[in-house]
Each structure stands twice: as C-alpha cells, then as structure tokens.
Amino acid sequence: MQQPVKLVSVGTAVPPHVIDQRDAARASHTAFSSRFGDFEKLARVFETSGIRRRYAVRPIEWYLETSGWPERNLAHIEGAGAMFVAAASKALVSARIAAGDVDTIVTVSSTGIATPSLEARVSRELGFRDDVERVPVFGLGCAGGVSGLSIGSRLAASRPGSVVLVVAVETCTLAFRMDKLTKANIVATALFGDGAAACVVRASETGLAEVELAGQHTWPDTLDIMGWSVDPEGLGVIFDRAIPPFAETHVLKGVTSILARSDLAPADVDRFACHPGGSKVITALESALKLSQGTLDQEREVLSDYGNMSSPTALFVLEKLLAQGLPRRTVLTAMGPGFTLSCLSLTAAA
C-alpha cells in the first residue's frame, strides 16, 4: 500500500530592509507626482491596500536611484539566495532533516533570472548532496507557491521515503520602476514585498498534514490579466484587467472543478487558505467562495505584515494556520499568470 504524502514542515524568511507603507507612499509621491497627472487619485491605493509594512532586498533609496537589468538581477540573485538559505534552513530544522538527506529540490521563482538556478548557487552553503535532483520552476507568479507544493508532493509520491524540499522565493520589489509611468507600476509600488517560504514533503506515516489532492484550472484568453513585460530597465508589471472582479466571478467554478476530480465539493472544505493579493482580492475571494466577510483573517494579517510577495505568500498563510491548528480539510488556493488557479487540499494529521 502506497504511503500518503505528508507536509512535514514549513519555514519562512524575509530580507533585512523594512519598507513602512507611509515611507513607500512618500517615495512614490517624490518619483511620480510631478510626472503622472492622475497620481493623487491612484495614490489612495497606499491607504486602501491593507498593507502596513513590507520587506525588501534593498533599502528604499536604492529603488529611486537604480535602473537596468544587471543591477536589478544581481539584487535578485543575492537577495533571493539569502532568503532561500534562511527559509530552507528553518524548514529543515523544523523537520529534523539534514540538508544532506534532501533528495529533490523544487525551486519556484518568477522575479529574476538565475542560471545556474538558485538551489545550485546555495548548494554548498546548505550542504546538499552532489546527486540531489533540481527542479527549477519559472513563470507561475503568485500561483507558484501552491503549484510548487503540488509538484513537490507528486515527486514525493513517485519515490516513497524520499525527501522533497520546495522553496518559493521572490523579489517582487525589483519591479518598482521609476521610469514607468503606468497605473500598474504605481499599484505595484503599493503592494509588492519580498519573501521566501520552504516546505518539506515526503511519503511517510508522519507529518503535519496529508496532501490529499492538487490541481490547476486555466481560463482561455486571459494571458493579459497578469504577468511581466521585459525591457532594458528590467521587469515591468502587467495588470491589464481588474483581478478582484475576475476572482469574484470565476474562482468558485475553478475550485469546484478541481475538487470534483476527487469527488469533493466546496461544502466539504473546512478552511480555504488563499493567496492575499490585495485587500480587494481578499474581499472578492470571500464573496466568491461564499464565506462570511472577515473569514480570511490570517490572509489579511499576512498582507498587512508582508505585502504581496507573490508565490510564497500563500505558504505564509499556511504557516499561520498550522500554528493555530488545521481543521479537518484545508484547501490552499492562489491565482497567477496564465490566468491560472492552483489548489491543494490538506487533511489534518490524525
């Protein structure tokens, strides 16, 4: 009989520089107000975002002065590498597993380019084996943490007893662009933060929770909703359609479709754990999933304390829920470029 895949541990990390939302608003005003006619109206997002502070791989002054791919991508490699080490170390210590016992590493990141990929760059520092299998995943954006955990779980199931480390690490603040006078860019400067989350999964009898199912749903003709543009200055954020109305209209159908593959329905879920992309997105998700307003309280806390970190954010929510004790069935959800919904169901350990 095949052993179930268990989530063994979760560890999170953030970079050293704190960006208070009031400081971000002032910096944005300095950079944009004289050049963007509608700035004062758009600047309200700093107050309505639900964010109190965020963390960044560079001090706020750096973003006002730095441009160009080389400087930004170097900041990604250095900052993401440091967060990878910190989050992975926490997850491994919590799991009581040495880095040398890890058989497969799934690295999720969409906010910079690293070739060799991040896990190779930190391999010696962490102590991974020479024969560890590396699975770098790029392009999933905010859905990447949940999707990465899904990929890691399937790899663990295919090789019972093996240890799979999943690390989602993003440097979203590197998309802060003083040269781009767009609504999307100003919104990004109010929402994005940097962070990393790591999970250990394995097919075994013990763990924090069992991975019950995982799946994705991609809507046709939605490539323009979210993504990156690429130009000489770096990555630029694309928000070409409003995400909250889309989520409110479509998420329940997507979740229902994924759960139905395992003969489950939304009514069978005790707690939805959602990627908090922004305060309006959280409200839209509560409406879409027919939850009472305020149900996604841990999501609002994560958003307030860390901002939208893209792929690791849903795993920060998971860490909080684990600390208070998971109910019988928890379904992680996150939306990302594609436009794609990713879901993963966890059942509480007996």
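Predicted model: local features only at pLDDT ≥ 70, side-chain atom pairs only at ≥ 80, totals over all residues.
H9 gives the most, with 4 residues. The lining as a whole comes to 39 residues, and the pocket volume is about 970 Å³.

How many strands form it, and in what order? There are 9, the sheet is open, and the order is S5-S4-S6-S7-S1-S8-S13-S12-S11, with mixed pairing. S5 and strand S11 (271-274) are at the edges with a single partner strand each, so one side of each has no neighbour in the sheet. From one strand to the next the twist averages 25°.

As a reminder, strands in a sheet pair through backbone hydrogen bonds, in a parallel or an antiparallel sense. An antiparallel example here is strand S6 (residues 164-171) with strand S7 (residues 194-203), joined over 8 bridges. Within that pair, Val167 has Ala198 in S7 as its bridge partner.

Helix H8 (144-158) lies across strand S1 (5-13), strand S4 (104-108), S5, S6, S7, strand S8 (209-218), strand S12 (329-336) and strand S13 (340-348). Relative to S13, H8 runs at about 55°.

Next, Cys142. UniProt, in an unreviewed entry, places the feature "active site" at this residue. Cys142 sits in the loop between strand S5 (133-137) and helix H8. Is Cys142 buried or exposed? Cys142 is buried, because its relative accessible area is 8%, and the cut-off for buried is under 20%. Leaving aside neighbours within four places in sequence, Cys142 is in contact with Met226, His275, Asn308, Ser310, Ser311, Ala334, Met335, Gly336 and Pro337.

For contrast, take Glu47, in helix H3. Glu47 is exposed, because its relative accessible area is 72% and the cut-off for exposed is over 50%. Met226, one of the Cys142 contacts, is 179 residues from Glu47 along the chain, and their C-alpha atoms are separated by 23 Å.

Terms used
Residues numbered from 1 in each chain as written. Heavy atoms only, no water. UniProt positions renumbered as here; feature names shortened; annotations may be inferred. Helix = DSSP H or I, 4+ residues; strand = E, 2+ residues; numbered from the N terminus. Buried < 20%, exposed > 50% of the residue type's maximum accessible area, 1.4 Å probe, protein only. Contact = heavy atoms within 4.5 Å. Pairing = 2+ DSSP bridges. Axes fitted to C-alpha atoms, helices over the stretch in contact; angles between N-to-C directions. 1 Å grid on protein atoms, 1.4 Å probe; cavity = no way out; pocket = protein on both sides within 12 Å on 5 of 7 lines; lining within 4 Å. Points joined across faces, edges and corners; volume = space filled by probe spheres on them.
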